[in-house]
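Subject: Structure handover

Hi,

Here is the structure I promised you. Please open it first, then read my notes below.

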Amino acid sequence: MTLLSATLAEPQHFSLFEKLLFAGLAIASGCGFWRRFGKILDKILQSKKDPSFHLFPIGKRIGDFVWEVLFQAKVIRERPLPGLAHAFVFWAFCTFVLVTLNHCAVVLGLGFLNPAGQFARFYFYFAAAFALTCAAGILGLFVRRFLVRPKWLGEKLSYQSGVIALLIFVLMATYLASFFVSDATPAARALWWLHTLALLAFLPLIPHTKHLHLVLSPATVFLSRGTFSQIPPLSGDEDFGLVAGTDLTQLVSLQAWSCVECGRCTEHCPAANTGKLLNPKEIVLGLRGYLNEYGPSSEQPLLGKYNAQEAVFQCTTCGACEFQCPVGIEHVPILVGLRRGAVNTGLWEDQHGAKLFLALERGSNALGLSPTDRDKFIQRMELPLFDGTQEYCLWLGCMGGYDPKGREIVLAFTRVMSYLGTSYGVLRKEKCTGDPVRRLGNDLLFQQLAEANLEALAQNKVKKIVSICPHCVRTIQEDWKEYSTPPEIEHHSEFLARYAHRLPKQASPNPTSPETIVFHDPCYLGRYRNVYDEPRTVAALAGELVEAPRSRERSFCCGAGGGLAFLGEETGERVSHNRAQELAATGAQTIAAACPFCNTMFRDALAATGEGVPQLMDIAQLAARGLPQSGSS
Amino acid sequence: MKIVVAIKQVPERDAQVRIDAAGKWIEESDLQYALNESDAYALEEALQLKEKHSGEVIVVSAGPERVGTTIREALAKGADRAIHIGCDDLGARDALGVARLLAAAIKPENPDLVLTGLQSEDLGLGQTGVIVAELLGLPHATLILHVERTETGVTVKRELEEGWFQTIELPTPAVLTIQSGGNKLRYATLMGIKRAKTKEVRRLTAAELAVDAAPVVLLEQVTLPQKQKSTQILPGTAKEAAAALVEKLKFEVRVL
Amino acid sequence: MSGILVVVEQRAGRIGRISWEAVAAGQRLGAQLGLPVSAAIVGSQTESLASEIATRPLSKVVRVEHPLLAQYTADGFALALQQFIQAEQPDYIVFPHTYQVRDYAPALAARLGQVLIGDVVAVGDGPVFTRQLLQGRLNGNYRPTGSGPCFVSVQAGAFRAEPLEENAAAAQATTPATITTFTPTLDPAQIRARPSEPYRGSSQTVDLGSAQLIVGVGRGIKDAESIPMVEELATALGAELAASRPICDNGWLPMERQVGSSGQTVSPKLYLAVGISGAIQHLVGMKGSQCVVAINKDPDAPIFEIADYGIVGDLFEVVPALTAAVKAAKQ
């Protein structure tokens with residue numbers, strides 16, 4: 001028999017005993033599946049509803065589903081080789097739906113795909129191709145997990161993964177082998193039964209292992225919150241965030257059970273990479289463990305047996321975890337939710353955190369400085385005040401208003417704006433946008449700050465804002481929406497990029513070796529806002545760009561986000577040092593930043609490194625450098 | 001333990017200081033207000049005592065309508081109920097006059113302890129607590145950093161000058177004025193604010209309390225100090241500048 | 001008898017400078033109003049202290065003497081002085097503004113239907129007493145309105161004791177003031193508080209938070225070998241040594257001496273910043289200082305923006321010069 005003429009062998013006659021055996025096993029398998037899956041589904045459905053969840057607009061959901069689930073795009077893009085292997089396994093599963101239905105129908109005499117028929121022949125070959133790639137894929141993944149053993153999959157060997165891999169391999173192998181036997185042979189029957197047993201063993205294993213994601217993750221991806229790192233509003237007077245099981249919503253429960261334990265989140269986490277307790281994968285699995293033991297109606301604290309408060313407060317909210325997750329788990333809202341639970345109820349006792357909160361309770365800025373400092377800066381530098389006639393309101397923010405380096409960035413940017421003839425003004429009074437307290441979970445303070453600021457902006461008739469700080473931009477544009485519609489806001493890199501063609505391109509002092517610049521993508525500009533090219537356009541005015549190993553959506557956090565810039569000493573290696581070393585190791589002469597927090601973190605880190613370090617400049621300063629008659633500050 | 005904490009709402013620190021038309025106080029129209037800092041420490045000490053020994057913490061404050069915000073903040077931080085002595089002319093009363101109002105409101109409560117902050121951020125007299133003790137006929141101690149309950153009353157840690165301390169035993173009821181920095185302050189939480197909505201705030205008026213208000217000491221005028229806070233760069237050689245600095249440290253800063 | 005009564009305070013058997021300043025203030029007031037000035041010292045076995053006071057130009061010195069006054073208590077001192085004031089009927093009673101006075105004088109004044117005008121920095125015609133409001137950002141003029149004794153306490157350093165000392169030699173040539181004794185009636189049951197002996201705060205842990213004087217050292221110091229030079233200045237001033245983060249990161253000073261956003265927050269009377277540029281992480285830790293002095297060779301260093309006094313110069317020259325000058329001044 002040649003390969004092309006081979007057809008899939010299907011045993012023709014099954015005895016009554018076989019039929020009954022099959023039925024019995026199938027029912028047992030189905031019950032095994034449902035007993036566990038039903039319980040999980042129950043718990044998910046019993047969880048609190050997500051009040052801010054909207055199914056519509058559905059276009060993006062469908063798009064994400066097609067791209068991430070059907071095309072496995074994120075799975076492949078972020079870890080190409082293993083991702084492709086997994087994609088083949090997944091596509092094989094999809095292809096095998098028809099095959100499996102037919103396979104089971106055959107024993108009952110109800111087979112609907114006649115192997116000799118044209119469609120079936122084509123389809124079975126089609127499926128065979130996927131079976132081949134799937135078998136190869138699963139073999140490769142097995143080798144990776146059990147022989148290569150990458151760190152991110154965890155220390156312990158996962159025997160359930162081994163078993164599942166084996167079953168999948170058997171399924172594919174038996175299918176392929178069926179091409180090489182004839183219908184009526186004992187071999188065909190044996191293969192049929194082997195395939196069936198593997199199938200029926202597989203089914204109940206699904207809800208008992210992380211392979212539950214087979215069922216859940218398409219739904220998880222489809223039902224995501226909508227925006228990256230979207231923090232849901234609190235609902236009602238008794239909602240303080242994620243305190244106990246009763247606070248876990250259906251989305252969070254669904255996500256907790258969807259975790260594939262692939263470890264991509266942890267692989268990219270700045271805290272996990274610098275020896276801290278926080279491990280994003282363990283956070284999600286911790287919730288799963290909680291739900292398994294206590295369920296969604298429990299009053300047991302979420303931060304207790306399964307997750308530690310210390311870990312939760314080591315998160316910089318950089319979003320790398322959420323960005324990487326192939327099954328649609330949204331880590332940042334979970335972590336912020338857990339923080340809310342601790343902060344809104346006063347359970348979080350942290351010296352520096354309390355100091356930050358008290359400073360913002362009484363004052364206007366996160367640094368606890370007198371607002372007259374900012375007034376003096378505005379007066380001394382003769383910055384125009386916003387009076388409703390200018391095009392932009394220039395939002396200084398806490399760093400731009402009070403930090404000496406932040407002020408330099410502001411002044412450089414104003415020089416460029418003046419050069420471009422753009423009218424702008426600064427507000428007489430600003431309060432902190434509330435970004436650090438928002439990420440730390442203090443909703444009381446955040447509401448106070450957001451509402452006060454929104455009122456001031458409305459009173460001043462502000463229509464457009466430009467800011468040097470990605471945190472301010474994000475908070476104003478997204479987080480303030482909870483209270484009322486904020487004015488339009490953009491980051492200064494977006495503004496500068498739009499006018500880059502009008503800004504002088506700087507000639508290098510030495511044309512054969514131009515100044516090399518490495519741009520660090522801020523988390524809140526890159527992953528949060530999808531802005532990667534604009535700041536590079538601006539930096540390119542000043543020199544030649546080189547890329548850091550971890551750049552763009554893989555950019556490694558500077559360590560300041562999530563309110564951590566205001567908290568005390570870190571344990572383990574400093575995140576900022578890790579990143580600064582990486583940037584310095586590119587050999588670039590200049591590190592370009594686009595966030596005053598990144599700037600301040602790297603300044604300290606580079607100072608600790610010693611002599612011969614790259615200079616650190618904001619893209620506004622790089623742009624301003626090329627302006628006529630621009631002196632150094 | 002039943003603890004009364006007398007708190008004051010003061011203009012926020014670093015507020016712009018402009019003298020009002022009458023020249024007797026600062027322009028209040030643009031001001032933000034906050035809880036007086038050492039009163040926050042007094043409240044914190046009271047809350048910690050309540051958490052340890054169970055009981056009730058009652059805050060008392062005198063002043064106009066706006067004082068309500070500060071009272072609610074104290075309730076949000078954990079006080080059980082409050083008394084607001086409505087008084088629109090607090091500035092016209094001297095320390096004795098204010099203490100009379102407070103003492104009259106506190107007396108019927110019969111507390112075990114009365115805590116006040118050491119001094120206010122606006123007038124900085126540091127006397128109200130001591131005078132309240134005198135009016136209530138209670139023993140008192142000032143500059144207290146730490147309070148512990150004993151069988152006979154309380155044992156307190158008092159701050160003395162130049163890094164010295166002292167322990168004092170007092171019988172209760174007693175009045176203590178609390179120094180800043182003895183504890184870590186707690187922050188206001190969402191849960192606290194929500195719970196505060198249902199807590200009682202009893203309104204009394206100054207008139208109701210019928211105390212003698214005529215001041216024996218009058219603040220008749222306020223002026224801005226001549227010295228504006230700008231950096232004085234001391235010129236000259238190292239030796240000359242050092243000598244000039246020592247002069248300043250001796251006579252202006254008064255630390256030598 | 002009318003006149004000015006100055007209440008002198010003793011601590012550990014010595015009369016502090018602030019009491020001499022109170023005497024000087026009392027004499028200023030006396031000269032202004034044409035009233036005689038006397039002094040009182042409260043305690044037990046105060047003969048030698050009284051003799052010391054009596055060398056000043058005063059009409060008399062009174063020892064308010066009772067065994068129960070050997071240790072300070074608010075009840076004891078208030079009762080004793082109440083009786084004395086009721087006997088003597090002074091017009092003005094001047095105190096040094098010390099922790100002790102703040103503890104009993106308001107109660108004493110209230111008992112006599114008066115209010116203490118505390119922490120006075122100047123005396124004007126009237127008399128009108130000036131004190132600082134809003135943490136030094138405003139001055140207020142207070143006038144006593146009632147009849148009855150007026151209680152005033154004076155701020156340390158507001159009235160110089162030095163001119164007094166200059167005259168002390170001259171004064172000693174004249175006859176010393178008469179010393180009398182007043183024995184109040186006191187019952188142990190009236191003294192409700194039981195104070196312990198004063199004790200020093202623990203010296204092992206560095207408590208920058210309560211330090212009154214701090215010298216902060218920053219990256220301008222360049223290396224660990226130069227730290228002792230700054231330490232000497234701190235010792236001369238009687239100040240605690242603190243540092244900005246890079247110094248502690250390098251291990252040149254322990255982490256507990258770090259002042260800044262990830263270290264301690266301090267609010268001393270004097271913060272002397274040596275070689276500190278003034279980065280925000282450090283500023284937020286010491287912005288509460290009442291007086292900031294900065295020494296830095298960079299005239300544009302941000303620290304100068306918040307400093308009250310600054311020296312633009314090489315710290316390796318300025319610090320030793322300053323140490324010498326401080327030592328000389330303290331002799």
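Start with chain C. Strand E16 (residues 270-274) of chain C pairs with strand E17 (residues 291-296) of chain C in the parallel sense, over five bridges. Two strands pair if DSSP finds at least two bridges between them. Helices (H or I, at least four residues) and strands (E, at least two) are DSSP runs, numbered from the N terminus. Leu272(C) stands opposite Val293(C) in E17(C). Helix H6 (residues 227-237) of chain C packs on the sheet and touches strand E14 (213-217), E15 and E16 of chain C. The direction of H6(C) makes about 170 degrees with that of E14(C).

Before you go on, note that this is a predicted model: local features need pLDDT of at least 70, side-chain atom pairs count only at pLDDT 80 or more, and totals for chains, interfaces and linings use all residues. Residues are numbered from 1 along each chain as its sequence is written, while chains are lettered from A and ligands numbered from 1 in the order in which they are written.

Now the whole sheet. It is open, has six strands with parallel pairing, and runs E13(B)-E18(C)-E17(C)-E16(C)-E14(C)-E15(C). Its edge strands are E13 (232-233) of chain B and E15 (240-243) of chain C, and each pairs on one side only.

Next, chain A. Strand E1 (residues 392-395) of chain A joins strand E2 (residues 424-426) of chain A by three bridges, and the two run parallel. Here Tyr392(A) stands opposite Tyr424(A) in E2(A). E1(A) also pairs with strand E3 (residues 464-467) of chain A, in the parallel sense over three bridges. There Leu394(A) stands opposite Val466(A) in E3(A). Which way do the side chains of E1(A) point? Tyr392(A) and Leu394(A) point one way, Cys393(A) and Trp395(A) the other way, and all are buried (20 or more other C-beta atoms within 10 Å of their own, C-beta atoms being placed from the backbone).

Last, two helices. The axes of H2 (residues 58-70) and H8 (residues 213-222) of chain A come within 8 Å and cross at roughly 135 degrees. That makes H2(A) oblique to H8(A). Axes are lines fitted to C-alpha atoms, for helices over the stretch in contact, and angles run from 0 to 180 degrees between N-to-C directions. Angles under 35 degrees count as roughly parallel, over 145 as roughly antiparallel, 65 to 115 as roughly perpendicular and the rest as oblique. Arg61(A), Asp64(A), Phe65(A), Glu68(A) and Val69(A) in H2(A) meet Pro218(A), Val221(A) and Phe222(A) in H8(A) (contact means C-beta atoms, placed from the backbone, within 7 Å).

Best wishes

Conventions. Two residues are in contact if their C-beta atoms, placed from the backbone, lie within 7 Å. A residue is buried if 20 or more other C-beta atoms lie within 10 Å of its own, exposed if 12 or fewer, and partly exposed in between; C-beta atoms are placed from the backbone.
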